[in-house]
2 protein chains.
Amino acid sequence: MLNFDILIKNANILTMNSQMNTFENGFIGIEKDKIVYLGIEKPEATSKTIIDAKNNIVMPGLINAHTHSGMTMFRGVADDLSLMNWLNNYIWPLEDKFVTEKNIKTASKLAIAEMILSGTTTFNDMYFFTGVTAENCKDIGMRAVLGEAVIDFPASVKKTSEEYFLEFINEYENDNLIIPSIVPHSPYSCSEGLLKRIKKLSDEKNLPVHIHISETTDEVKLIKEKTGMTPVEYLDSINFLNEKTVAVHCVHLTDNDMNILKNRNVGIVNSPESNLKLASGIAEVPKMIKKGLTVSLGTDGPASNNNLDMFEEMSLTVKIHKALNDDSTIMNAKEVLRMGTINGAKVIGIDNITGSLEIGKKADLIIIDINKPHLTPMYDPYSHLTYSANGSDVDTVIINGKIILKNRKFTNFDLDKVMLDIKHISNEIIAYKNNGMK
Amino acid sequence: MLNFDILIKNANILTMNSQMNTFENGFIGIEKDKIVYLGIEKPEATSKTIIDAKNNIVMPGLINAHTHSGMTMFRGVADDLSLMNWLNNYIWPLEDKFVTEKNIKTASKLAIAEMILSGTTTFNDMYFFTGVTAENCKDIGMRAVLGEAVIDFPASVKKTSEEYFLEFINEYENDNLIIPSIVPHSPYSCSEGLLKRIKKLSDEKNLPVHIHISETTDEVKLIKEKTGMTPVEYLDSINFLNEKTVAVHCVHLTDNDMNILKNRNVGIVNSPESNLKLASGIAEVPKMIKKGLTVSLGTDGPASNNNLDMFEEMSLTVKIHKALNDDSTIMNAKEVLRMGTINGAKVIGIDNITGSLEIGKKADLIIIDINKPHLTPMYDPYSHLTYSANGSDVDTVIINGKIILKNRKFTNFDLDKVMLDIKHISNEIIAYKNNGMK
């Protein structure tokens, strides 16, 4: 007789494993942080906790492969502006004043709550004061790849010291939830020397490198003027790219860029909602997939999206490329759900522990409540998840074997408190804006 | 001392009137079916029912200006196929077999429930057995423009008789919720004679005419081969177009088409999610707006979207044109919220009674629960509604002065029953599919 910590029964299980196995009316057994049973046969087991999934969909938690969690405090503070107006006159001055360790503690906590409520169980973050974001993840029980954004190009952003950055990497080297990463902001905001030091550190410590690449045409132009090469060609020329690189956006790639990224085994993250909203452009995702690149999805930060709902990214991705390619068979529901789960895990280098439901992997999973008009009737769960669901349909979230959210209520986290705390920060931001950003 | 039926207090009111007036901490008084008070001053009034909006957003209900409500039964039954494969091998045979009066009664009821749950208070429908859809609207308390789809081009769809169609128009001529319309499917599926008879009937009875125009390149090609004109030019050549015409999709318009539609005061409905998913293309919405056309939004049917959430249409519309035009200032949150509310009312010809919150208009309004992480902090309600909210954030819905939904619960409608009934239909559809559609 086995003894589980959690047994999920009556589940419509989408494993998202390489065979895309599914189990209707299935069972999942969890012991400590791991999946130990998966199948349609009722296991011979007792369990401390039993969850009746009531024929709801159980699937791997979503992987938000690129965000800036601390930016929740700037959600909706400025929209519909030109990129340079938005950055120069709003985002950068606001970051300069309000990106403090205390504020990030609150803002990233709100982001984590929002991500869990919309089914994300791992996020890959690029922001500042990573230490407090890591503390929040540990307190709430969220999995994350975290690194301190590094810039040496003059920009009005807060920076922590190099010691802070190295200390963080050492502190979380063998953590069960946090994976440290190195986060050079972009090839145009980091000098060649800095990029080379980062690559060396990544090689030494085997750390993922999370970087924006070719988000806008202006950026491509800038690098071309400076180096005569595209951003991808330039990074390759300094031996920066390898399987540890997490290349974010990739909106403006040449065929040669794609070939280089493929040859170097670089993982791609696209953030289509942000790319539309900031008028950055539309990445050629189907072409990248055809070339064999692993493409995943991220929400980008809440100032440029403006939410952290991965369901919206999946839905937009599968639809927009059909119209742009004049072909409704390009991309499909299963493929885009892989982008939002296992591909995200692959790109950030943790597909050995998460991204699909498999025996031996960490128990990172979500239960979707299908008992809603917009998810009724049910012919194909992949279709509903892609074309009809949104983050609010997530009922239960388990991360690392712990039930974090049940019936949309946090089991061990004071959501009202963080909502109140963020309002205090936003009141200060409103006063600052009303005073002409002075 | 006034005596209201409903008083809403502590509301963050977005009127969407021509001045875009807003009232923070405002009051709305409702008597019978109408708004009788609106402002920040506390009214001298008693009220049978008082709703504390708790600083939530109160705004006009959304207008879904184009859908096929009866198609909920086919939601997700077939996706990611070429248009002709989807229509010929799935949708048309399924419609042929399952579009019965009994099934439409259930399917349109589910659609109405879904629309109310996502904040729609009026929908403009094109489908079959309109009589039972009207009965559902009356039972539930939903406002709708309803008409029986008319086709004389051979197509595998169920048709009701012309008597049915005329009887329906007579029955609902002066109804307080239902506005009858005439619904020729499209210029390629209706003969010139039929279109002319429809125009005559519209003129005689002052009825809106709801028609698909220029949805796909194939359709444009077909009409051009037949007539040497674009669909819009052709319809204009037979004097079909006027201010009663509701022109749906308009994905492939020439500049001349837009000028004709403008000169004839034709209202436009775009359904961007469906247009992407079916690879129909992307309508030039900013150009239409620049030419002075009134552009509204619709979800299209649940087989090609796959939900009826108008928030998704608004969010997609405002974002996609920024990227396509390489300009993040093109379109904005306020503008797209007007498309989803007052513009919808204008296009379907009922802006005298709904589409904005104004004294004397019908009380068709929704309350959005902003106490959610993804809607926090609050700097700009227009931004949150456009970029961050979804249909699940709708808390309360009032239509024609009646509270239909409160705290996301229907006050007088058995949602579980219709969810069960639709499952019986879907079981039959699954059996039919499994039997090779025989």
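A salt bridge here is a side-chain nitrogen of Lys or Arg within 4 Å of a carboxyl oxygen of Asp or Glu. By that rule, one salt bridge crosses the interface of domain 1 of chain A and domain 2 of chain A. The model is predicted.

Start with the two parts. Domain 1 of chain A is made of two segments, 2-60 and 359-410. Domain 2 of chain A covers 62-347. Their C-alpha centres are 28 Å apart. In the contact, domain 1 of chain A takes part with 29 residues and domain 2 of chain A with 28 residues.

Next, the area. The two domains of chain A bury about 2300 Å² between them. Carbon and sulfur atoms account for 68% of that area.

Now look for the charged pair. A:D364 forms a salt bridge with A:R143. Their closest N and O atoms are 2.7 Å apart. Polar contacts between the domains of chain A come to eight residue pairs, both residues at pLDDT 80 or more.

Then trace the side of domain 1 of chain A that touches domain 2 of chain A. Five elements of chain A each supply at least two residues to this side: β5 (57-60), β15 (365-368), α14 (381-388), β16 (394-399) and β17 (402-406). The largest share, five residues, comes from α14(A). By class, this side of domain 1 has 18 nonpolar, seven polar and four charged residues.

Definitions and conventions. Residues numbered from 1 in each chain as written. Chains lettered and ligands numbered in written order. Predicted model: local features only at pLDDT ≥ 70, side-chain atom pairs only at ≥ 80, totals over all residues. Heavy atoms only, no water. Domains from an automatic or database assignment. Contact = heavy atoms within 4.5 Å. Buried area = accessible area lost by both parts, 1.4 Å probe. Polar contact = N/O pair within 3.5 Å; in protein donor to acceptor, adjacent residues only side chain to side chain. Helix = DSSP H or I, 4+ residues; strand = E, 2+ residues; numbered from the N terminus. Nonpolar A, V, L, I, M, F, W, Y, C, P; charged D, E, K, R; others polar.
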